Amino acid sequence: MTDRLAPPPFDPAAAAAAAARFAATAPADVSYALVDSPVGTLVAARTERGLACLSYEDHDGGVDAVLDRLAAKLSPRILEAPARLDDVRRELDEYFEHRRTAFDLPLDWALVGPFGRKVLHATARIPFGEVSTYAKVAAEAGNPKASRAAGNALGSNPMPIVVPCHRVLHTGGKGIGNYTGGVHRKEALLRLEGVLLGP
Amino acid sequence: MTPPPFQRFLDAHRDDVWRFLVAAVGRDAADDCFQETFMAAMRAYPRTRVENPRAWVLTIAHRKALDHHRARARRPIPVGAVPDAPAPEPPEAAGDGVWERVSGLPPKQRAALLLRFAGDLSHREVAAALGCSEEAARRSAHEGLKRLREELAA
């Protein structure tokens, strides 16, 4: 023995298990999990009020960027707790397996501003298998001239799929419009709902 | 400035805290102390401006280890003959046995050696964790090592 001690023996798997136990049981303000889906991996995050965020993992800088935004806008007390997102995972699975046409999840609108909330509430009322337009959604949100602002609100929808912004399309044959996470996903969701035909 | 998501803090420091606690309280008690350490850290997390997160969380772990030893000392132990002092729980029996001997040292020496070599903190950080001068932290570690050397030579 010299003038220092070698660090004690150490089992990384035991440390990882202890950390997972902590994350699963500690009272975090925000719990998140990665959820696999046919349109890609999603980052689902909830507060005690309900689902606050469902982000496409490959969009907007990945999981780390999503978590940084949640830390800044909601709370930094964020833990990965997959069991707390079980209901979200189950309802999404049912939706993608054609066994569900509407979501019953409690939602937390904390990430959405006042006009965005009106737009997304109107969007949430569009039934499965139907579509609307930016102009109509803007009108329902109380401002028929604000279809560009409505488009922005839909583009920053923090809960895509569950709040079905993919059902809002351009008017007048200009294509189906943009989508958070890419147009190919909007097309996939509209195909799943029978609005678009083809493979 | 918002601190990073707590999950990232947990991932970054879980190994250091676990290694420190296994040496400080033994494998069996390490999990409880680990949970309490990160619970306390999370409670304080958004309000605390932390310059040195690693030293901060190891300081919390050190206090939880002390709480654990105090609670053990208070707990009545059903034995025939009452020992003079509660025997420290033998930490994980592995390696060369030096860390088992560390837990038998006087509290200041034990704490200084644990924080310095199981926690890999500098003498300055050890001093901040123990609330003593850097010189005193250095001396405690030095005396602890000297005593271990004598025991091992005997």
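Two residues are in contact if their C-beta atoms, placed from the backbone, lie within 7 Å. The model used in these exercises is predicted.

**Exercise 1. Chain B as a whole**

Task: State which elements chain B contains, and what share of its contacts with a separation of 6 or more comes from residues 24 or more positions apart.

Solution. 
- Step 1: Count the elements. Chain B has seven helices and zero strands.
- Step 2: Read them from the N terminus. The order is α-α-α-α-α-α-α.
- Step 3: Turn to the contacts in chain B with a separation of 6 or more. Residues 24 or more positions apart supply 63% of them.
- Step 4: Of the 154 residues in chain B, 40% are buried.

**Exercise 2. Helix H5 of chain B**

Task: Decide whether H5(B) is mostly covered or mostly uncovered, and find what its buried residues pack against.

Solution. 
- Step 1: Check the span. H5(B) has 12 residues and reaches 15 Å from first C-alpha to last, close to the 16 Å expected at 1.5 Å a residue.
- Step 2: Check burial. In H5(B), 10 of the 12 residues are buried, and the helix is mostly covered. Among the buried residues are Leu113(B), Leu114(B), Leu115(B) and Phe117(B).
- Step 3: List the partners. The buried residues of H5(B) pack against H1, H3, H4, H6 and H7 of chain B.
- Step 4: Look past the end. Asp120(B) follows H5(B) and has a positive phi, near 55°.

**Exercise 3. How H5 meets H7**

Task: Describe how the axes of H5(B) and H7(B) cross, and sort the residues of their contact.

Solution. 
- Step 1: Take the axes. H5 (residues 107-118) and H7 (residues 134-153) of chain B have axes that come within 8 Å and cross at roughly 100°.
- Step 2: Classify the angle. Angles of 65 to 115 degrees count as roughly perpendicular, so H5(B) is roughly perpendicular to H7(B).
- Step 3: Name residues. H5(B) contributes Lys108(B), Ala112(B) and Arg116(B), among others, while the H7(B) side includes Ala137(B), Glu143(B) and Arg147(B).
- Step 4: Sort them. The contact of H5(B) with H7(B) has four nonpolar, three polar and five charged residues.

**Exercise 4. The sheet of chain A**

Task: Give the strand order of the sheet in chain A, and explain why S3 and S4 of chain A each have one side without a neighbour in the sheet.

Solution. 
- Step 1: Order the strands. Four strands form an open sheet, S3-S2-S1-S4, with mixed pairing.
- Step 2: Find the edges. S3 (51-56) and S4 (78-80) of chain A stand there, each with a single partner strand, so one side of each lacks a neighbour in the sheet.
- Step 3: Note the twist. It averages 25° from one strand to the next.
- Step 4: Inspect one pair. S1 (residues 30-35) and S2 (residues 42-46) of chain A run antiparallel, joined by five bridges. Val35(A) has Leu42(A) as its bridge partner in S2(A).

Conventions: Residues are numbered from 1 along each chain as its sequence is written. Chains are lettered from A and ligands numbered from 1 in the order in which they are written. This is a predicted model: local features need pLDDT of at least 70, side-chain atom pairs count only at pLDDT 80 or more; totals for chains, interfaces and linings use all residues. Axes are lines fitted to C-alpha atoms, for helices over the stretch in contact, and angles run from 0 to 180 degrees between N-to-C directions. Helices (H or I, at least four residues) and strands (E, at least two) are DSSP runs, numbered from the N terminus. Angles under 35 degrees count as roughly parallel, over 145 as roughly antiparallel, 65 to 115 as roughly perpendicular and the rest as oblique. Ala, Val, Leu, Ile, Met, Phe, Trp, Tyr, Cys and Pro count as nonpolar, Asp, Glu, Lys and Arg as charged, and the others, Gly among them, as polar. Two strands pair if DSSP finds at least two bridges between them. The expected span of a helix is 1.5 Å times one less than its number of residues. A residue is buried if 20 or more other C-beta atoms lie within 10 Å of its own, exposed if 12 or fewer, and partly exposed in between; C-beta atoms are placed from the backbone.
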